[in-house]
Amino acid sequence: MRLSTRGRYAVMALVEMAARECRAEGCAGGRPVTLNDIAAAQQLSVAYLEQLFGRLRRAGLVASARGPGGGYRLARPATAIPIAEIVEAADEPIIATRCEEGGPGCLGGGTRCLTHDLWAELGDQIRLFLGAMTLADVVGGRVTGRARPPAGPEAAAPATP
């Protein structure tokens, strides 16, 4: 799967911001947070965060405040920012297949491998899971126990040998 440090670091940084806002203002738009503060708290590089926050700002996830006491704040409430949107804003497509959409296929020449649909479905499940999870869910500790088996009659029937 292709979820690099860029997507993970973006999520870590915004979760840190959301946690600070929730502690300070009850999750309703606190004071701006500096990249130095986020970097120190999450043990990340400030230079790397600067690159990430340009993408996050262009995606409308954070807003910048200049001057003394400046920094960044969430552009929307933590309850309105899905994790999938952060990962996508960091320019990280959630892809589990080895071929690209509209490309020549897994095996070249337009041919897909036999496991293509398996990995494509896994990518869809990851997108659905991250799309249903918000920053507020992560800050509030509402992450574990959210994975569910697929619905439908085939999920309830045991496999026959």
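This is a predicted model: local features need pLDDT of at least 70, side-chain atom pairs count only at pLDDT 80 or more; totals for chains, interfaces and linings use all residues.

Biologist: How many residues has helix α5, and how far does α5 reach from its first C-alpha to its last?

Modeller: Residues are numbered from 1 along each chain as its sequence is written, and side-chain values use heavy atoms, with hydrogens and water left out. Helices (H or I, at least four residues) are DSSP runs, numbered from the N terminus. The expected span of a helix is 1.5 Å times one less than its number of residues. Helix α5, residues 116-131, has 16 residues and reaches 22 Å, close to the 22 Å expected.

Biologist: Which residues of α5 are buried, and which are exposed?

Modeller: Buried means under 20% relative accessible area, exposed over 50%, and partly exposed in between (1.4 Å probe, protein chains only). In α5, the buried residues are H116, G123, I126 and L130. Seen down the axis of α5, these buried residues fall within an arc of 95°, so they line one face of the helix; the arc is that of the directions from the helix axis to the C-beta atoms. D117 and L128 are exposed on the other side of α5.

Biologist: Against which helix do the buried residues of α5 pack?

Modeller: They pack against α4, residues 83-89. Contact here means heavy atoms within 4.5 Å.

Biologist: How many salt bridges does a search of the whole structure find?

Modeller: A salt bridge is a side-chain nitrogen of Lys or Arg within 4 Å of a carboxyl oxygen of Asp or Glu. The search finds 4 salt bridges. One of them joins R127 to D124, with the closest N and O atoms 2.3 Å apart.

Biologist: How many residues apart are R127 and D124 in helix α5?

Modeller: An α-helix has 3.6 residues a turn, so residues three or four places apart point the same way. R127 and D124 are 3 residues apart in α5, and are therefore separated by about one helical turn. R127 counts as partly exposed because its relative accessibility is 29%; D124, at 33%, also counts as partly exposed.

Biologist: Which residue forms a salt bridge with E16?

Modeller: The partner of E16 is R20, the closest N and O atoms being 2.8 Å apart. Both residues lie in helix α1 (residues 5-25), 4 residues apart. E16 counts as buried because its relative accessibility is 11%, whereas R20, at 26%, counts as partly exposed.

Terms used:
Helices (H or I, at least four residues) and strands (E, at least two) are DSSP runs, numbered from the N terminus.
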